[in-house]
Amino acid sequence: CARGGSGAGRRGLVEAGVLFAQGGDRTRWLAVMGRGRVHLDEGLCSALSLVTVASLVLTPIGATDRNAWWVAWRLPRPPDKPLPALEDHVILLGCGSNSAVLLDLLLLTGRSVVVVDRDAAVIGRLRKRDVNAVCGEGSDPAILDAVHAKAAKVVISTMRRPADNARVLRHLRGPDAPTVVARVFDDADAQRLEALGAKVVS
């Protein structure tokens with residue numbers, strides 16, 4: 001979970017590390033330039049070249065959604081308050097500034113609401129309001145199970161990545177699956193998620 005309102009989850013940090021590794025070719029170029037100007041000795045230049053080659057080889061292997069999740073799941077999780085057994089509740093995946101009004105409307109219905117967000121600052125504010133809130137990635141199957149998503153009435157996703165929404169839909173599929181409402185940004189994503197059973201809004 002992110003701290004201090006940065007909004008970068010564990011998986012996001014892993015993906016950011018992969019992107020930094022993709023800049024290794026620039027490191028090698030700088031090393032060669034530095035060696036040419038006698039700024040770097042031969043041993044250091046060789047070490048930089050070795051690190052660069054290793055990062056370029058490993059990046060295509062690590063730069064996949066599956067591998068990013070594999071690493072993210074193995075990073076330490078912050079302790080979370082366990083939720084009571086819930087059913088026929090509403091789950092809101094993602095609670096940024098644009099979702100605050102939606103959350104208030106959901107709370108007015110009197111139905112139990114659970115919020116999942118990867119920003120610890122958001123979760124802290126919600127808990128001060130006595131809102132059931134869990135810090136984590138909304139598309140993480142372990143998080144979905146922790147908030148009893150399969151027993152929910154409705155799951156509302158405001159997550160931007162179509163792959164995250166597809167992961168949620170695949171995890172919750174079944175004869176008694178809750179209604180999943182997902183926000184989309186283009187027609188292709190809408191068709192893909194509708195095929196998986198989502199009700200889409202733009």
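This is a predicted model: local features need pLDDT of at least 70, side-chain atom pairs count only at pLDDT 80 or more; totals for chains, interfaces and linings use all residues.
Q: In what order do the six strands of the open sheet stand?

A: The order is β3-β2-β1-β4-β5-β6, and the pairing is parallel. From one strand to the next, the twist averages 20°.

Q: Which strands stand at the edges of the sheet?

A: β3 and β6 (199–201) do. Each has a single partner strand, so one side of each is left without a neighbour in the sheet.

Q: How many bridges join strand β1 to β2?

A: Two strands count as paired when there are at least two bridges between them. Here β1 (residues 90–93) and β2 run parallel and are joined by four bridges. Within this pair, L92 stands opposite V115 of β2.

Q: Through which helix does the chain cross from β1 to β2?

A: For the general idea, point the strands away from the viewer: a path that runs clockwise from the first strand over the helix to the second is right-handed. In this structure the chain goes from β1 through α5 to β2, and the β-α-β crossover is right-handed.

Q: What do β2, helix α6 and β3 make?

A: They make a right-handed β-α-β unit, with α6 spanning residues 120–128. β2 and β3 (residues 132–135) pair in the parallel sense, over four bridges. V116 stands opposite V134 in β3, and the bridge partner of D117 in β3 is C135.

Q: Which residues of β2 lie on one side and which on the other?

A: In a regular strand, side chains alternate between the two faces of the sheet. For β2, V113, V115 and D117 are on one side, while V114 and V116 are on the other. Both faces are covered, and these residues are all buried.

Q: How many residues of strand β2 are buried?

A: Buried means under 20% relative accessible area. In β2 (residues 113–117), five of its five residues are buried.

Q: Is V101 buried or exposed?

A: The cut-off for exposed is over 50% relative accessible area. V101 has 58% relative accessibility and therefore counts as exposed. V101 lies in helix α5, which covers residues 100–108.

Q: Which residues form a nonpolar patch on the surface?

A: V101, L105 and L108 form the patch. Together they have about 340 Å² of accessible area.

How values were computed
Residues are numbered from 1 along each chain as its sequence is written. Side-chain values use heavy atoms; hydrogens and water are left out. Patches are made of residues with over 30% relative accessible area and no salt bridge: like charges are joined within 9 Å, nonpolar side chains (Val, Leu, Ile, Met, Phe, Trp, Tyr) within 5 Å. Accessible areas come from the Shrake-Rupley method with a 1.4 Å probe; for residues, only the protein chains shown count as cover. A salt bridge is a side-chain nitrogen of Lys or Arg within 4 Å of a carboxyl oxygen of Asp or Glu. Helices (H or I, at least four residues) and strands (E, at least two) are DSSP runs, numbered from the N terminus. Buried means under 20% relative accessible area, exposed over 50%, partly exposed in between (1.4 Å probe, protein chains only). Axes are lines fitted to C-alpha atoms, for helices over the stretch in contact, and angles run from 0 to 180 degrees between N-to-C directions.
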